Each structure stands twice: as C-alpha cells, then as structure tokens.
Amino acid sequence: MAAEAAPADPRGAVVEAGRILAANGHADLVWGHVSLRDADGRGLWLKRPGRGFDELAEDDIQLIDLDGNVVEGRGPAHLERFIHTEVMRARPDVSCVVHTHPEAATTLASTGLPLQPVAHEATLFVPPDIARFVETGDLIRTPELGAAVAAALGDRNALLLVNHGVVVAGPSIPEAVFAAVLLEKACRMQLLALSAAGRRALHVSDDAEALAKRARCYSAEQLHHGWSYLRRREERTDH
Ligand SMILES: [Zn+2]
C-alpha cells in the first residue's frame with residue numbers, strides 16, 4: 001500500500017484498528033493493543049489497559065512518549081507499551097505496531113515449526129521463515145525487553161513471541177492490521193493442514209512461488225481492496 005497520510009483523528013483510527021483486529025481473529029478479552037505513531041513526533045497513540053478492542057471509545061486512547069510516559073489521556077499505561085515504543089524507536093519506517101495473542105499463531109509458534117505457505121496468506125511473511133522472539137514467554141514489561149523484541153523483529157513485518165503472541169509492524173494502520181489478520185489466518189490454515197496430514201509432509205508453495213504470490217496477491221492495490229473491505233464490514237457492525 002502506498003504511503004498513507006497520517007490519520008487526522010489518531011484516536012478514532014486506533015479505535016477502528018482495534019475493532020477490526022477483534023473481529024478478525026485477534027480478540028483476547030482485554031489483552032492486546034495496536035499503536036499509531038503521532039504525526040507530530042510526540043510518541044504514539046495506544047489504548048489504556050483494561051479495555052477490550054471491541055469496546056474502545058476515543059477517550060480510551062492515550063498519547064505515550066517513546067520513554068513510555070502517558071502524555072495525554074487517563075489512567076496508567078499498558079505494561080507492555082515498550083513493545084510499541086522500542087519498535088518505533090528502532091524503525092523510523094514503522095507507524096503502526098500490533099501486539100496481540102491470537103490463538104493459531106501462538107499455537108503454531110509453540111510447535112517450533114516454520115511458517116509454511118499453505119495458501120496465499122503466509123507468503124506475505126515467508127520466505128525467509130518468520131522472525132521469532134524466544135528470550136522470554138513472559139510479558140514485555142521493560143524498555144530493555146522491548147528493545148530485544150525490536151532487535152528480533154529486525155526489518156521484518158512480523159514476529160512470533162513464542163509462548164506469548166505476535167508483533168506485526170507496518171508503515172500504516174492498514175498495512176500492519178491487515179498483515180496481522182493475514183498472519184493469524186495463515187497460521188490457522190497451517191494447523192488445520194498439519195492436523196489432517198498426520199505424518200505426511202505438507203504440500204506448500206516453494207520460495208519462488210511464495211515470492212511471486214507476495215507480489216501478485218498482496219500488491220498495493222490488493223491490500224487496499226482488502227483493507228477497504230474490512231473497514232466496510234466493521235462499519236456495518238452495530239456496536
Ligand atoms: Zn502480550
């Protein structure tokens with residue numbers, strides 16, 4: 001997707017991103033968060049703790065500086081805000097970070113198996129195999145752990161936090177949230193394939209086909225169509 005203009009209403013954009021994540025495989029009660037870099041360089045916008053993605057209102061969204069301090073908004077900040085602050089500090093190209101605990105991706109990560117292109121979705125991430133963070137399966141609760149997660153992510157678009165969840169990063173909310181939705185679907189299909197295959201190897205796209213499909217299936221135009229659909233479907237939902 002070509003560079004998206006920064007949303008004029010960052011709180012509304014984060015609320016919408018959260019609702020789309022919740023509706024597409026990333027709901028986990030009140031856990032998980034999505035951030036948007038502040039257009040004026042003050043840090044990032046993130047929901048406050050204790051609220052589920054699907055019940056967010058604009059006054060649940062805080063402005064947090066890159067040291068993790070709440071600059072605007074009510075209540076304390078999320079314990080795991082350092083995932084967002086440290087990825088954004090390390091990656092000037094990233095304006096949106098998703099951290100969630102989706103069931104299929106987290107389950108697949110625990111197997112230690114590589115992510116394989118069972119269908120189109122995984123080709124957005126592999127080859128090479130998706131990045132993993134294994135230093136701890138506990139919460140990312142310090143700037144040092146956040147920096148270690150950012151280092152494990154490197155210049156990739158997604159990371160499995162083994163025994164915990166996922167981190168997905170992108171230059172805009174559409175790209176990061178859409179990638180997070182595709183990652184969970186890719187992992188769910190691989191788990192289904194593995195459960196049906198027994199001891200047989202899966203038939204998957206080789207690296208050349210996967211890279212060709214990444215360019216064809218997830219071109220800027222295709223991503224725009226997919227994201228626009230998710231927004232329209234969310235708008236039809238009666239909250
Ligand atoms: Zn977490």
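In this predicted model, Leu159 faces Val167 of strand E8. The two strands involved in this part of the fold, E7 (residues 158-161) and E8 (residues 165-170), run antiparallel and are joined by four bridges. Helix H5 packs on the sheet here, where it touches E7 and E8 as well as E1 and E5. The direction of H5 makes about 145 degrees with that of E8.

Stepping back to the whole sheet, eight strands are arranged in the order E4-E3-E2-E1-E5-E8-E7-E6. The sheet is open, and its pairing is mixed. Strand E4 (70-72) and strand E6 (131-133) each have a single partner strand and stand at the edges, so one side of each lacks a neighbour in the sheet. On average, and with direction ignored, neighbouring strands are turned by 25 degrees against each other. Helix H1 (residues 10-26) also lies across this sheet, over strand E1 (33-37), strand E2 (44-47), strand E3 (61-64), E4, strand E5 (96-100) and E8. Relative to E1, H1 runs at about 145 degrees.

Besides packing on the sheet, H5 meets other helices. With helix H3 (residues 103-111), H5 (residues 173-197) packs at an angle of about 55 degrees, the axes being 7 Å apart. This angle makes H3 oblique to H5, and the crossing is left-handed. From H3, the contact draws on Glu103, Ala104, Ala105, Thr107 and Leu108, while H5 supplies Glu184, Cys187, Arg188, Gln190, Leu191 and Leu194. Six of the residues in this contact are nonpolar, two are polar and three are charged.

A further partner of H5 is helix H7 (residues 220-236), and here the axes come within 10 Å and cross at roughly 80 degrees. H5 is therefore roughly perpendicular to H7. On the H5 side, the contact is formed by Ile173, Pro174, Val177, Phe178 and Val181, and on the H7 side by Leu223, Gly226, Trp227 and Leu230. This contact has eight nonpolar residues and one polar residue, with no charged ones.

Finally, helix H2 (residues 81-90) deserves a look of its own. Eight of its ten residues are buried, so H2 is largely enclosed by the rest of the structure. The buried set consists of Arg81, Phe82, Ile83, His84, Thr85, Glu86, Val87 and Met88.

Note on methods: Residues numbered from 1 in each chain as written. Predicted model: local features only at pLDDT ≥ 70, side-chain atom pairs only at ≥ 80, totals over all residues. Heavy atoms only, no water. Axes fitted to C-alpha atoms, helices over the stretch in contact; angles between N-to-C directions. Parallel < 35°, antiparallel > 145°, perpendicular 65-115°, else oblique. Left-handed = near helix turned anticlockwise from the far one by under 90°. Contact = heavy atoms within 4.5 Å. Nonpolar A, V, L, I, M, F, W, Y, C, P; charged D, E, K, R; others polar. Pairing = 2+ DSSP bridges. Buried < 20%, exposed > 50% of the residue type's maximum accessible area, 1.4 Å probe, protein only.
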